[in-house]
Structures are given as structure tokens and as C-alpha cells.
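Biologist: Please put the model on screen, and then I will ask about single residues.

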Amino acid sequence: MLQSIEGVYKNGNIQLSELPSDVSESRVIVTFLEPDKSQIKKQIMRFGMFFGHQQSTEKDFQITEFHGDTEDGLNWS
């Protein structure tokens with residue numbers, strides 16, 4: 001029976017995302033995939049970035065908006 005399990009190769013080691021079922025020893029074939037080039041642009045905060053029951057809301061984004069610095073002497077209006 002063939003099984004495919006995702007994993008990561010790093011520093012000569014392969015880390016599987018899950019253990020194969022009913023396999024204690026077996027031959028393997030390792031295929032290296034192309035790196036994911038559609039990475040998300042780096043952002044300070046994005047919707048849904050925190051795991052758990054409480055997700056980011058529109059209000060969270062409004063709180064983080066920059067409205068100017070009154071002490072820098074610039075007119076931000």
C-alpha cells in the first residue's frame with residue numbers, strides 16, 4: 001500500500017507532518033517540490049493570523065491605523 005505524507009527537509013533531516021499508519025519500516029521515495037513562490041507579503045497584522053477562537057476583527061485593524069504624530073510638527077490632515 002502506498003501512502004503520501006507531507007513533510008519538510010531541513011539540515012539533512014526529514015520531518016513528517018504526521019506518522020504513517022501501520023508502517024514500522026519501509027522503503028521510501030522522496031520528491032523535492034518547488035518552493036512556494038506565492039508567499040504572503042510581510043505585514044504587521046493580517047486577518048486571521050492569530051489561531052484560536054478569537055479572530056482579528058475590523059475593529060482590530062482600525063485600532064492599528066496611523067493618524068499622524070502631533071509632536072512631529074507635520075500637518076497630517
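Biologist: Is Tyr9 buried, exposed or partly exposed?

Modeller: This is a predicted model, in which local features need pLDDT of at least 70 and side-chain atom pairs pLDDT 80 or more, while totals for chains, interfaces and linings use all residues. Residues are numbered from 1 along each chain as its sequence is written, and side-chain values use heavy atoms, without hydrogens and water. The relative accessibility of Tyr9 is 48%. Buried means under 20%, exposed over 50% and partly exposed in between, with a 1.4 Å probe and protein chains only, so Tyr9 is partly exposed.

Biologist: How many aromatic pairs are there, and which residue pairs with Tyr9?

Modeller: Ring centres of Phe, Tyr or Trp (its six-membered ring) must lie within 6.5 Å; planes under 30 degrees apart are stacked, over 60 edge-to-face, the rest tilted. The search of the whole structure gives 1 aromatic pair. Its centres are 5.3 Å apart and its planes stand at 90 degrees, which makes it edge-to-face. The partner of Tyr9 is Phe32.

Biologist: How many residues apart in sequence are the parts that this pair ties together?

Modeller: Helices (H or I, at least four residues) and strands (E, at least two) are DSSP runs numbered from the N terminus. Tyr9 belongs to strand β1, residues 7–10. Phe32 sits in the loop between β2 (13–16) and α1 (58–63). The pair therefore links parts of the chain whose separation in sequence is 23 residues.

Biologist: Is Phe32 buried or exposed?

Modeller: Phe32 is the loop member of the pair. Its relative accessible area is 58%. Phe32 is therefore exposed.

Biologist: In which strand is Leu16, and what is its relative accessibility?

Modeller: Leu16 is part of strand β2. Leu16 counts as partly exposed because its relative accessibility is 46%.

Biologist: Where is Asn11, and what is its phi?

Modeller: Asn11 is placed in the loop between β1 and β2. With 72% relative accessibility, Asn11 counts as exposed. Its phi is positive, in a residue other than glycine, and near 55 degrees.

Biologist: Which loop holds Asp22, and what is the phi of Asp22?

Modeller: Asp22 is found in the loop between β2 and α1, the loop that also holds Phe32. Asp22 has a relative accessible area of 81%, so this residue is exposed. Asp22 is a residue other than glycine with a positive phi, near 60 degrees.
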